[in-house]
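Dear colleague,

Here is the structure I promised to pass on to you. Please open it first, and then read the notes that follow alongside it.

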Amino acid sequence: MNIAALITWVITALGGFYMLGTWLSRGGARGGSHLPVPVIFGHFALAAVGLIVWIVYLIADLDVLAWVAFVLLVPVALLGFVMLSRWIPVYRARATTAPAAGEQTAPAERHFPVAVVGAHGLFAVVTVLLVLLSALGVGGS
């Protein structure tokens, strides 16, 4: 189960990197976004630190590190839900209207593919569950 959590975490991170790259290349960090910069980078930083802690846990086999990784995933998930709740109206606006005449560019997150957002969220939920089950000792260590 520990390796499964690592695999899902890496897949989740790949989707996150893709969206972060899209967001940055479309001017999200320069104010062209409805997503707050601290939320984006906080989500990224905590997830990256958690992944590093998880890898160290796999190498060192210290149970406390599994719990640290899980605790780090809690705010990662909360920040992810904040971003999802702010992305949904942007996506719905994309589906119904084009940018207004006065609006020079669309928000950066408007360019996120729905499949990537959905897969990122799905793999994130699976990762959180696998990390929790591993921390609880379900499935061996």
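The axes of α1 and α2 cross at roughly 155° and come within 11 Å of each other, where axes are lines fitted to C-alpha atoms, for helices over the stretch in contact, and angles run from 0 to 180 degrees between N-to-C directions. The two helices α1 and α2 are therefore roughly antiparallel to each other, a label given to angles over 145 degrees. Their crossing is left-handed, which is said when the near helix is turned anticlockwise from the far one by less than a right angle.

Before going on, please note that this is a predicted model, in which local features need pLDDT of at least 70 and side-chain atom pairs count only at pLDDT 80 or more, while totals for chains, interfaces and linings use all residues. Residues are numbered from 1 along each chain as its sequence is written, and side-chain values use heavy atoms, with hydrogens and water left out.

The chain has four helices and zero strands, these being DSSP runs numbered from the N terminus (helices are H or I, at least four residues; strands are E, at least two).

Where α1 meets α2, the contact (heavy atoms within 4.5 Å) includes Trp9, Phe17 and Trp23 of α1 and Phe41, Phe44 and Trp54 of α2. By class, this contact of α1 with α2 has 18 nonpolar, two polar and no charged residues; here Ala, Val, Leu, Ile, Met, Phe, Trp, Tyr, Cys and Pro count as nonpolar, Asp, Glu, Lys and Arg as charged, and the others, Gly among them, as polar.

Helix α1 (residues 2-25) also packs with α4 (residues 114-135), at an angle of about 150° and with axes 8 Å apart. That makes α1 roughly antiparallel to α4. Among the residues in this contact are Gly15, Gly16 and Met19 of α1, and His120, Phe123 and Ala124 of α4.

Finally, the lining of the largest pocket divides into 25 nonpolar, eight polar and no charged residues.

With best wishes

Note on methods:
Parallel < 35°, antiparallel > 145°, perpendicular 65-115°, else oblique.
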